[in-house]
Amino acid sequence: MHIRAFEPRDAADWTRIFHAAVHGLAARDYSAAQLRAWSPDEASPEVVLKHVVGHQVWVAVDKTDRAQALIELEADGHIDCFYCHPSCAGQGVGGALYAHLEAQARMQGLARLYVEASAVARGFFERQGFVVKERREFALRGVNLLNYAMEKHLSCL
């Protein structure tokens, strides 16, 4: 896998990765109703392109330059989206993407990273040094979901 900046042509892969990750990887922690509320269908590439405006996004691409994982950083240190396609989960792709994001955040002088991590992503972020600040329950499309507000303070090394 190779990490590069998101390009508009990656928008269709974003929707594929997101939907597959929700319905594949998150299925062990969320009910079928919760998964449908979280990602009822693959979003249109146009929705993705509007979403990423003003955000830094990186993708991990395979040897054919097709995105298989993505991570998104907002200017204030918020990690908004971080998803790996189930076919590459557990192979170090997510760790490499996160390491790239953190290196970029440090170079930009960010003092803190924060995320609302799903139950399935919580352990990953804890292994990266994040701490849970709050367990959050919220409704999405009329269905109750759970995630964790987490943060990591970056040292000035």
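Trainee: Which side chain does Glu7 meet in a salt bridge?
Mentor: Arg9, at 2.5 Å, N to O. A salt bridge here is a side-chain nitrogen of Lys or Arg within 4 Å of a carboxyl oxygen of Asp or Glu. Keep in mind that this is a predicted model: local features need pLDDT of at least 70, side-chain atom pairs count only at pLDDT 80 or more, and totals for chains, interfaces and linings use all residues. Residues are numbered from 1 along each chain as its sequence is written, and side-chain values use heavy atoms, with hydrogens and water left out.

Trainee: What else meets Arg9 in a salt bridge?
Mentor: Asp65, at 2.3 Å, N to O. Asp65 sits in the loop between β2 and β3, Arg9 in the loop between β1 and α1, 56 residues apart. Helices (H or I, at least four residues) and strands (E, at least two) are DSSP runs, numbered from the N terminus. Arg4, Glu7, Arg9, Asp10 and Asp65 form a salt-bridge network.

Trainee: How many salt bridges does the count come to?
Mentor: 14. Another one joins Glu151 and Arg112, at 2.7 Å, N to O. Glu151 is in β7 and Arg112 in β5, so this pair ties together parts 39 residues apart in sequence. Glu151 is buried, at 12%.

Trainee: New topic. What is the strand order in the open sheet?
Mentor: β1-β2-β3-β4-β5-β7-β6, 7 strands with mixed pairing. Strands pair if DSSP finds at least two bridges between them. β1 (2-5) and β6 (131-140) stand at the edges with a single partner strand each, so one side of each has no neighbour in the sheet.

Trainee: And how do β6 and β7 pair?
Mentor: Antiparallel, over 9 bridges. Glu137, for instance, has Leu146 in β7 as its bridge partner.

Trainee: Now the largest nonpolar core. Which residues touch the most other members?
Mentor: Ile79, Tyr98, Leu113 and Phe125, out of 26 residues. Such a core is a set of buried Ala, Val, Leu, Ile, Met, Phe, Trp, Tyr and Cys residues joined through side-chain atoms within 4.5 Å. α4 gives the most to this core, with 5 residues.

Definitions and conventions. Buried < 20%, exposed > 50% of the residue type's maximum accessible area, 1.4 Å probe, protein only.
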